[in-house]
Amino acid sequence: MTTTAELSVSPAVRRSAELEQQLALDPGRFRVLTGDRPTGALHLGHYFGTLHNRVRLQDLGVDVFVLIADYQVLTDRDVAERLTEHVEGLLLDYLAIGIDPARTTVFNHSAVPALNQLLLPFLSLVSVAELGRNPTVKDEIAHSRQSAVSGLMYTYPVHQAADILFCKGNLVPVGQDQLPHLEITRTVARRFNERYGDVFPEPDALLSAAPLLLGTDATKMSKSRGNSIALGADADETARLIKGATTDADRHITYDPELRPGVSSLVLLAALCLGRDPHEVAEEIGGSGAAGLKRTVTEAVNAAMAPIRARRAEYAQDMGYVRDVLRAGNERANAVAEATLTEVREAMGMFS
Ligand code: TRP
């Protein structure tokens with residue numbers, strides 16, 4: 001018998017569960033590509049949503065590529081500001097959480113010319129109408145701080161196909177918002193193979209199982225909204241941010257994400273840090289109210305993040321090493337990208 005819960009599970013979620021089984025059986029079959037825009041500090045939402053999962057995949061023995069998507073910063077703003085600072089911040093975060101540069105390749109877009117060149121043939125494989133229909137792009141246009149929409153805003157999902165396909169990535173851990181981009185990647189791969197012969201895999205999305213954390217103002221957590229706790233924040237700043245978090249008038253703490261988003265997101269954050277069930281955590285706090293809740297959350301976050309923050313501070317003492325990690329990653333990414341571009345040019349019959 002099929003229950004309502006099973007019916008509401010989307011095909012992408014079901015597919016992700018299958019992929020998890022295959023990952024456990026044969027991690028060597030997979031090459032993962034994922035990435036971040038260097039627009040600000042990574043926060044706890046990133047940690048529990050995606051970063052943690054990257055380390056898990058790396059430790060399973062999957063070949064992981066992590067992209068610092070510097071060109072993609074320019075989709076919704078005119079100039080990429082404080083790029084070096086943001087790139088170095090991402091590198092520190094990656095190293096601090098346990099990304100191991102001996103096993104995981106960290107690189108940035110602009111340092112890998114052959115990756116970017118794939119954009120040209122790939123653009124020829126999609127229609128303008130398809131680009132205009134992308135719901136994530138539409139949403140970003142609605143929230144963009146620019147007065148005019150640039151060509152890059154419509155075409156960056158195709159560039160993202162190049163990010164994934166240059167290394168023949170076949171598994172992309174993403175959130176729901178990235179699914180339309182992954183569909184474009186699959187379309188590009190399929191059409192390229194149909195027109196020119198088999199070169200690319202059709203990559204799968206791997207949806208994260210982690211539930212959604214809200215920001216301290218009980219709206220979407222975001223690098224740019226000032227409502228997030230950065231991985232690199234210290235214990236005092238963490239306490240201050242949690243102290244200012246939005247709760248509600250009901251003194252008795254419960255876990256009810258729909259009716260009590262602010263309170264429940266704090267409960268969830270504590271539960272994730274403690275590795276416990278949020279309902280249980282809420283029950284324990286019970287009548288101690290918002291003050292008790294915030295005390296529990298602050299202690300849980302600071303305890304869980306202490307080792308990560310200590311490692312981050314250590315790496316920050318040795319920025320020469322940190323930059324070398326990116327240099328070495330770029331070298332490997334360049335070798336992989338050049339090999340793929342050669343295959344692409346041969347498949348297309350380009351003169352060389
Ligand atoms: N679009 C992603 C984000 O905003 C970053 C990104 C760029 C990415 N290229 C990618 C993610 C390729 C997965 C695969 O977070």
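Student: Which residue has a side chain in polar contact with the side chain of Asn-330?

Tutor: Happy to start there: this is a predicted model, in which local features need pLDDT of at least 70 and side-chain atom pairs count only at pLDDT 80 or more, while totals for chains, interfaces and linings use all residues. Residues are numbered from 1 along each chain as its sequence is written, and side-chain values use heavy atoms, with hydrogens and water left out. A polar contact is a pair of N or O atoms within 3.5 Å; within protein, one must be able to donate a hydrogen and the other to accept it, and residues adjacent in sequence count only if both atoms are side-chain atoms. At 2.8 Å, the partner is Asn-108.

Student: Is Asn-330 buried or exposed?

Tutor: Asn-330 is found in helix H15; helices (H or I, at least four residues) and strands (E, at least two) are DSSP runs, numbered from the N terminus. Buried means under 20% relative accessible area, exposed over 50%, and partly exposed in between (1.4 Å probe, protein chains only). Because its relative accessibility is 10%, Asn-330 is buried.

Student: How many of the 15 residues of H4 are buried?

Tutor: Helix H4 covers residues 83-97 and reaches 21 Å from its first C-alpha to its last, close to the 21 Å expected at 1.5 Å a residue, where the expected span is 1.5 Å times one less than the number of residues. Its buried residues include His-86, Asp-93 and Ile-97. They pack against several elements, among them strand S1 (31-36), helix H3 (44-60) and helix H14 (289-316), with contact meaning heavy atoms within 4.5 Å. H4 is mostly covered, and the number of buried residues is twelve.

Student: How much area is buried between domain 1 and domain 2?

Tutor: Domain bounds come from an automatic or database domain assignment, which here gives domain 1 (4-210 + 319-347) and domain 2 (235-316). Twelve residues of domain 1 are in contact with ten of domain 2. Buried area is the accessible area (1.4 Å probe) that two parts lose on being put together, summed over both. Carbon and sulfur atoms give 73% of the total, which is about 1,100 Å².

Student: Which residue meets Arg-312 in a salt bridge?

Tutor: A salt bridge is a side-chain nitrogen of Lys or Arg within 4 Å of a carboxyl oxygen of Asp or Glu. The rule finds one across the interface of domain 1 and domain 2. For Arg-312, the distance is 2.6 Å, N to O, and the partner is Asp-93.

Student: Which helix gives the most to the side of domain 1 that touches domain 2?

Tutor: H3, H4 and H15 each supply at least two residues of that side. With six residues, the top contributor is H4.

Student: Why does Ser-265 count as buried, and what is its relative accessibility?

Tutor: Ser-265 sits in helix H12 (residues 261-274). Leaving aside neighbours within four places in sequence, Ser-265 is in contact with Leu-213 and Leu-214. Ser-265 counts as buried because of its relative accessibility, 8%.
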